[in-house]
Amino acid sequence: MSIDIDTARRVAKLARISVPEQDLAALAEELTGILRFMEQLNEVNVEDVEPMVSVTPMRLKRRPDGVTDGGYPEKILANAPDAREGFFAVPKVVE
Amino acid sequence: MNLNELTIAQAREGLRRREFSAEELTMSCLAAIDAGQALNAFVHPTPEIALEQARAADARLAAGDAPSMCGIPVGIKDLFCTKGVAAQAASRILEGFRPEYESTVTQKLWDAGAVMLGKLNMDEFAMGSSNETSVYGPVVNPWRCDDRELTPGGSSGGSAAAVAAALCLAATGTDTGGSIRQPAAFTGIVGLKPTYGRVSRWGIVAFASSLDQAGPMTKTVRDAAIMLQAIAGPDPKDSTSAEIPVPDFEAALTGDVRGRTIGIPREYRMPGMPEEIERLWQQGAELFRSAGARIVDITLPHTKYALPTYYVVAPAEASSNLARYDGVRYGRRARLAQGDGITEMYEKTRAEGFGAEVKRRIMIGTYVLSAGFYDAYYNRARKVRALIKRDFEEAFAQGVDAILTPATPSAAFGLGEMASASPVEMYLNDVFTVTVNLAGLPGIAVPAGLDRQGLPLGLQLIGRPWDEAGLLNMAHCLETAVGFVSKPARWW
């Protein structure tokens with residue numbers, strides 16, 4: 001499997017990372033190199049093997065679905081690059 | 001001997017006997033940090049907090065309430081959230097981030113009376129094996145063999161260098177594919193990755209959630225036992241932390257390994273591995289044999305597939321975990337152009353906030369999880385991961401108590417020397433450590449000797465799940481038998 005420039009552009013878009021058009025060829029080549037390395041996995045017989053879900057056999061704990069925390073919007077917003085009137089502020093999303 | 005050069009166990013004795021105060025011990029470390037700036041290990045020193053905590057520790061010591069870590073000055077990897085103190089994961093995208101909360105591991109340390117000296121340099125988001133992906137610039141290894149500056153390894157390179165250079169008595173590290181054990185081996189210290197679930201991950205910046213585990217980086221095995229005791233245990237804030245009782249790790253250090261069985265996996269004999277590493281490994285096995293352990297050859301047939309499995313699973317999880325860095329809730333937002341919408345904000349923020357290796361891994365992860373490739377890459381890797389774990393289970397089922405391997409395929413290399421290498425060549429650094437994360441097992445790197453250039457080399461012991469106590473005891477036996485006492489000659 002090799003990654004072409006269009007695929008590299010699509011992956012960058014999916015990852016929400018802007019990549020200048022002139023850098024896409026190098027990116028495609030790098031990603032291809034890494035994928036080739038991963039393709040060694042095709043040598044392994046994985047028939048009847050269940051994909052690992054949890055590395056240690058454990059049941060996730062359950063707890064009552066109650067509110068136990070909160071009520072401090074100023075702390076939540078303290079690290080925001082832009083916050084106004086108790087909200088996170090972002091560029092306009094709807095016309 | 002300066003106070004900063006003490007081990008935790010030695011300092012604990014001195015503090016309890018009131019031979020010196022926690023404040024004096026802390027001052028000694030702060031002076032070492034000031035004098036050690038050329039190492040670039042401490043990136044956010046916190047001397048005011050340290051002195052305040054030291055005075056509080058002295059009050060506890062005076063009152064006779066002194067847990068083992070009381071008054072012990074430690075460094076904290078930049079990956080841990082520390083309330084009111086920068087936690088940047090060595091990334092530009094978290095510039096200015098000051099958490100409003102404290103990670104469970106660090107909270108447990110402060111509750112036990114430990115003293116925070118500051119935050120330690122690392123590879124960006126713990127992705128790297130040489131500390132060269134850090135936004136703060138690389139850490140320099142205190143060990144040297146000529147006029148080159150060497151890497152301390154990564155990603156916990158700042159932690160390793162700080163402990164090796166005695167800037168602190170111990171440090172926290174995290175290990176996703178070898179990030180505690182490889183830097184420990186490169187700097188001649190002890191690094192322990194506990195069983196997955198032994199230590200809470202709450203408040204630690206996530207890289208690959210099914211692999212990440214925090215652990216101690218210390219001068220001795222005993223210190224690793226003491227520090228693990230302080231940070232281990234179930235945590236209601238981390239649903240993957242295990243409800244398993246925490247034994248007394250230090251009490252397990254009897255040094256008696258008679259009747260124990262140590263496995264030597266033939267697949268870890270790598271073509272092109274330096275002969276010195278092979279020799280150290282054999283010596284390690286001999287030392288165990290002399291101490292009364294049984295040495296058996298074992299096979300872990302899927303070992304060669306561990307790295308490619310890791311480089312599917314870890315980037316896949318990272319691409320999901322790092323989606324939260326979007327310039328909205330914390331950290332840095334890119335400057336936007338007139339008319340830029342929210343998508344441009346995300347794309348520009350992430351393009352300038354993440355470094356090259358992090359972007360590469362996010363994109364690889366995005367690709368292997370994307371429609372049409374999920375089965376071919378991600379699901380296949382999860383199946384091979386199950387086989388890798390089964391290899392270990394079969395070895396343990398045959399009565400093996402621990403597995404002895406080299407910690408790294410080489411000694412520390414020069415900063416910049418891998419600049420022209422492909423990403424895959426850099427990934428080979430983790431070849432002996434990454435299997436342990438994939439199988440969720442505990443692993444410890446112990447200094448085992450010097451190579452002919454005079455650089456430290458480490459051996460790794462891999463234990464049964466939840467048997468850190470037995471593992472630490474075997475590591476303690478190895479440490480005692482090897483008698484590694486070398487320290488880096490001070491040049492900084």
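Student: On what conventions and confidence limits do the values rest?

Tutor: Residues are numbered from 1 along each chain as its sequence is written, and chains are lettered from A and ligands numbered from 1 in the order in which they are written. Side-chain values use heavy atoms, with hydrogens and water left out, and in this predicted model totals for chains, interfaces and linings use all residues, whereas side-chain atom pairs count only at pLDDT 80 or more and local features need pLDDT of at least 70.

Student: How many residues of chain A and of chain B are in contact, and what area do the chains bury?

Tutor: Contact means heavy atoms within 4.5 Å. On that rule, 52 residues of chain A are in contact with 68 residues of chain B. Buried area is the accessible area (1.4 Å probe) that two parts lose on being put together, summed over both. Carbon and sulfur atoms account for 71% of the area between chain A and chain B, which is about 5100 Å².

Student: Which residue of chain B forms a salt bridge with Glu43(A)?

Tutor: A salt bridge is a side-chain nitrogen of Lys or Arg within 4 Å of a carboxyl oxygen of Asp or Glu. The rule finds three salt bridges across the interface of chain A and chain B. For Glu43(A), the closest N and O atoms are 3.5 Å apart, and the partner is Lys304(B).

Student: Which helix gives the most to the side of chain A that touches chain B?

Tutor: Helices (H or I, at least four residues) and strands (E, at least two) are DSSP runs, numbered from the N terminus. The interface of chain A and chain B has 15 residue pairs in polar contact, both residues being at pLDDT 80 or more; a polar contact is a pair of N or O atoms within 3.5 Å, where within protein one must be able to donate a hydrogen and the other to accept it, and residues adjacent in sequence count only if both atoms are side-chain atoms. On chain A, α1 (5-14) and α2 (24-38) each supply at least two residues of the side that touches chain B. With eight residues, the element that gives the most is α2(A).

Student: Is Pro308(B) buried or exposed, and which residues of chain A does Pro308(B) contact?

Tutor: Pro308(B) is found in helix α9 (residues 306-321) of chain B. Buried means under 20% relative accessible area, exposed over 50%, and partly exposed in between (1.4 Å probe, protein chains only). Because its relative accessibility is 1%, Pro308(B) counts as buried. Leaving aside neighbours within four places in sequence, its contacts are Phe37(A), Met38(A), Gln40(A) and Leu41(A).

Student: What area is buried between domain 1 and domain 2 of chain B?

Tutor: Chain B is divided into domain 1 (3-260 + 400-482) and domain 2 (304-382), with bounds that come from an automatic or database domain assignment. Their centres, taken over C-alpha atoms, are separated by 27 Å, and the contact takes 28 residues from domain 1 of chain B and 26 residues from domain 2 of chain B. Carbon and sulfur atoms give 67% of the buried area, which is about 2400 Å².

Student: Which residue forms a salt bridge with Glu95(B)?

Tutor: Across the interface of domain 1 and domain 2 of chain B, the rule finds one salt bridge and 13 residue pairs in polar contact (both at pLDDT 80 or more). The closest N and O atoms between Glu95(B) and its salt-bridge partner are 3.2 Å apart, and that partner is Arg332(B).

Student: Why is helix α5 of chain B largely enclosed, and which elements does α5(B) pack against?

Tutor: Eight of the eight residues of α5 (residues 157-164) of chain B are buried, so the helix is largely enclosed by the rest of the structure. Ala166(B), whose phi is positive, near 60 degrees, follows α5(B). The buried residues of α5(B) pack against these elements of chain B: β1 (42-45), β2 (73-77), β3 (115-120), β4 (170-175), α6 (181-187) and β6.

Student: Which side chain makes a polar contact with the side chain of Gln460(B)?

Tutor: Gln460(B) lies in strand β11 (residues 456-463) of chain B. Its relative accessibility is 0%, and therefore Gln460(B) counts as buried. The polar contact, at 2.7 Å, is made with the side chain of Arg181(B).

Student: To which backbone nitrogen does the side chain of Thr195(B) reach?

Tutor: Thr195(B) lies in the loop between β5 (190-193) and β6 (213-218) of chain B. Thr195(B) counts as buried because its relative accessibility is 0%. At 3.0 Å, its side chain reaches the backbone nitrogen of Trp466(B).
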